[in-house]
Amino acid sequence: TTERPKTAMSLAAGIGKRMRPITATIPKPLVEVGGKALIDYGIEALLRNGVDHLVVNVHYLPDLVRAHMRKRRNVRVDISDESDALLESGGGIAKALPLLGPDPFYVINSDTFWIEGYRDNLDLMAAMWDDSAMDILLLIADMKRATGYDGRGDFAMDVEGRLTRLEERDMSPFIYAGAAIIHPRAFDGFGTERYSLNRVFDRAIENRRLFGVRLDGLWLTVGTPDAVGAAERVLVASAA
């Protein structure tokens, strides 16, 4: 077994246009669901699973995110500042690579979270990680166990967990659940300009080094104001 990731990046730079009017005055990662900021669900999952170093990128209302992160005493936090230009997920991670170090790290979207099943999903991912075969391992949700998603799926998955893109008319129940383990080599040759992480996924697919692990539990994504109430209802029901 390889070392489990000790470092993680939380992607917190987005503007959250679809969340207006909530996000007019508050960045999306700080929107509260069930009395807790969205970003804190992912961070708490990371801390439960041995992460001791967090990198958080900021762009929109960055001072609010910085102030929120200063409350965290139990973990080292580095801020990757994208105030000058929003870099999207790919460029944002590439810019933060010097802070993230040479080993595989977790990446987590600050606006998705899940209700754990029988075992922590980040623990499941760390156990599945195979450095010799993988550059990227994605947490993959099944649409039937997700709220707030409408689309045709993201990937096809083979029996070994290797992921490929869907053909044009295909449907798949598998969606990227907003958490990954990434080895820095996945970014070899990529710059720090603005681009989506999907470009990095696609190159890993070409190299047959993109894998997925199925999420155990329920996945919730909060993309619109309506989705907040839906997610809160699921949280309440799951705690009952």
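I'll start with the surface: the accessible surface of this protein comes to about 11200 Å², and 50% of that belongs to carbon and sulfur atoms. Keep in mind that this is a predicted model.

Next, the overall fold. The secondary structure comes to six helices and 14 strands. A compact globule of 240 residues would have a radius of gyration near 18 Å, and the protein, at 17 Å, agrees with that. Buried residues make up 53% of the 240. Of the contacts with a separation of 6 or more, 73% are between residues 24 or more positions apart.

Now the charges. There are 30 positive and 34 negative side chains, and the centres of the two sets lie 2 Å apart. Side chains of opposite charge can pair when their charged atoms come close. In the whole structure, the search finds 18 salt bridges.

I'll go through three of them. Arginine 72 pairs with glutamate 44, with the closest N and O atoms 3.5 Å apart. Arginine 72 lies in the loop between α2 and β5, and glutamate 44 in helix α1, so the pair ties together parts 28 residues apart in sequence. Arginine 72 counts as buried because its relative accessibility is 18%, under the 20% cut-off. Glutamate 44, at 28%, counts as partly exposed.

Aspartate 142 is in strand β8 and arginine 214 in strand β13, 72 residues apart.

The arginine lies in strand β11 and the aspartate in helix α5, so parts 37 residues apart in sequence are tied together.

Conventions. Residues numbered from 1 in each chain as written. Predicted model: local features only at pLDDT ≥ 70, side-chain atom pairs only at ≥ 80, totals over all residues. Heavy atoms only, no water. Helix = DSSP H or I, 4+ residues; strand = E, 2+ residues; numbered from the N terminus. Rg over C-alpha atoms; globule rule 2.2 N^0.38 Å. Buried < 20%, exposed > 50% of the residue type's maximum accessible area, 1.4 Å probe, protein only. Contact = heavy atoms within 4.5 Å. Areas by Shrake-Rupley, 256 points an atom, 1.4 Å probe, with all protein chains shown as cover. Lys, Arg positive; Asp, Glu negative; His and termini not counted. Charge placed at Lys NZ, Arg CZ, Asp CG, Glu CD. Salt bridge = Lys/Arg side-chain N within 4 Å of Asp/Glu carboxyl O.
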